[in-house]
Amino acid sequence: MANDNSKTSSQSGRLQAIISHCKEYGFVFPGSEIYDGLQAVYDYGQWGSELKKNIKDYWWKSMTQLQENIVGIDAAIFMHPTTWKASGHVDNFNDPMIDNKDSKKRYRVDHLIEGYADMLKAESKVQEAEKILSDMDSLVAKDDFEGLKKLIVDNKIKCSISGTCNWTDIRQFNLMFSTEFGSTENAEGEFNKVYLRPETAQGIFVNFLNVQKTGRMKIPFGIAQTGKAFRNEIVARQFIFRMREFEQMEMQFFIRPGTQKEWYERWKETRMNWHLSLGISKDKYRFHDHVKLAHYADAACDIEYEFPIGFKEVEGIHSRTDFDLKNHQEYSKKKMQYFDNDVDPATGKPYGNYIPYVIETSIGLDRMFLLLMCEAYTEEDLSTPEKQDSRVVLKFPPVLAPVKLAVLPLVKKDGLPEIARKIMDDCKASFRCFYEEKDTIGKRYRRMDALGTPFCVTVDQQTKEDNTVTIRHRDSMHQDRIAINDVKKIVMSAII
Ligand code: GAP
């Protein structure tokens, strides 16, 4: 996928252009827009939901269908409240926050400092920015809130609203949403509190033995799941990058204790290759090792992509040890052990009973959507000496494009719509097609470019004579004459 962004020079301008394009062409709308929106909540429109589904299917196929030892599940969003006690989310799923006393605006401390570092970088003070970020990393790793506040005050980091440095102390803030379950009160006169899951992973852990036993799975094996997750993000910004309701695609891979380093490296490589399989340049990606590990991990890294707002996390690879299964065993009093009858060469005896270790791969579907939008969005200058011209085209990999084929009769008469309808009928059960007969053919091509449709076929007068149509390729705009009978085959071969 190429990027020729002659019109939009600055990177933040580029993000703004992508956000506008998403709205104008039915990809993403602000949530509850008629009521002026709901902060950090977005709705996917007619083409956005198709793109999202295609990304999810592409992930699901590569993580389940193509992996003989990984199966998928679909667990409920609501889980028993003790789940979140056992997982550590009730006690540890916090972010350090700081409030500006003048504007009353609350900031996540790391975001406030990162924003300041970005500003320094924009002023070419790269070394200064790197120093602040590395100081922040070491203070965060030690949970040194006084030190973090001092870093903010010493650097005179200001609130973007009040413009002052009048800060409160730093406090922890839990990110889980809660609600009440059922309509009856318990003995203490309280409603039963349940949480909206902040990650899909726990639905996999609590079903670990159900799947292992009913699926007769042998370690190493994985369980995959996609679904909604909810976090009460304080600083929710940058479009769909950080939302309060979002979707995750997660896989927990259960392994023998002691093999976690090897599997962690293998999954890092496998997941990076998945990203590269979409034709995205390697230079746009990097790994970022976590300095401060989450409460459940003994190693963790992010796969970061270079968004217009800089390198940011798209996916996390975590070595979660036996933390989750061990805690669920303790809190539920149900055994979470696996019996491994393979022989340990060191002892000559079966490995026996143990709680498996876990490597997790966790990617945000919405972030992957934004990544693909950023990668695909291209403004092209097509001017000639005679005429000024340009187009916006979304150069999606064909397998992910919301519409694969547009069928366009050149005119609305002479039997051309009828032939075009027959092509639609032949293709629409196999992939998403779009029929349009309004406007000039040039305008229709541009609309299809803006949706990222890889192929357009045009039915014209010659079609009636020799059963051929023109096929136009989105990226090159090259046109070929092909037999109607070949249309489906050509599209199918590009989207597998
Ligand atoms: N189960 C592990 C876990 O949830 P995480 O790093 O907190 O790990 C995994 O989240 C992925 O979920 C992230 O890499 C990101 O792509 C996505 N994600 C997390 N918070 C998000 C948010 N507020 N909005 C959109 N995506 C988010």
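**Around the ligand**

Reply: Strand 13 gives the most to the shell around the ligand, with 6 residues. Keep in mind that this is a predicted model.

Me: Okay, and which strands each supply at least two residues of that shell around the ligand?

Reply: Strand 10 (245–255), strand 13 (310–321) and strand 16 (357–364) each do that.

Me: How many residues surround the ligand, and which are the closest?

Reply: There are 20 residues around the ligand, and the closest are E199, M243, E250, E313 and V314.

Me: How do the residues of the shell divide into nonpolar, polar and charged?

Reply: You get 10 charged residues, 5 polar ones and 5 nonpolar ones.

Me: What about V314, which of its atoms is 2.7 Å from an oxygen atom of the ligand?

Reply: A polar backbone atom of V314 is 2.7 Å from that ligand oxygen. With R231, the side chain is involved: one of its N or O atoms is 2.8 Å from an oxygen atom of the ligand. R320 has a polar side-chain atom too, lying 3.4 Å from a nitrogen atom of the ligand.

Me: How much of the ligand's accessible area does the protein cover?

Reply: The protein covers 93% of it, out of the 550 Å² that the ligand has on its own.

Me: Switching topic: how many disulfides does a search of the whole structure find?

Reply: That search comes back with 0 disulfides. Take C165: the nearest cysteine sulfur belongs to C159 and is 9.5 Å away.

Me: One last thing, where is K395 found?

Reply: K395 sits in the loop between strand 18 (390–394) and strand 19 (405–409).

Me: Buried or exposed, that K395?

Reply: Buried, since K395 has a relative accessible area of 8% and the cut-off for buried is under 20%.

Me: Which side chain does the side chain of K395 join in a polar contact?

Reply: That of E380, through a polar contact of 2.7 Å.

Definitions and conventions. Residues are numbered from 1 along each chain as its sequence is written. This is a predicted model: local features need pLDDT of at least 70, side-chain atom pairs count only at pLDDT 80 or more; totals for chains, interfaces and linings use all residues. Side-chain values use heavy atoms; hydrogens and water are left out. A residue is near a molecule or strand if one of its heavy atoms lies within 4 Å of it. A polar contact is a pair of N or O atoms within 3.5 Å; within protein, one must be able to donate a hydrogen and the other to accept it, and residues adjacent in sequence count only if both atoms are side-chain atoms. Accessible areas come from the Shrake-Rupley method with a 1.4 Å probe; for residues, only the protein chains shown count as cover. Helices (H or I, at least four residues) and strands (E, at least two) are DSSP runs, numbered from the N terminus. Ala, Val, Leu, Ile, Met, Phe, Trp, Tyr, Cys and Pro count as nonpolar, Asp, Glu, Lys and Arg as charged, and the others, Gly among them, as polar. A disulfide is a pair of cysteine sulfur atoms within 2.5 Å. Buried means under 20% relative accessible area, exposed over 50%, partly exposed in between (1.4 Å probe, protein chains only).
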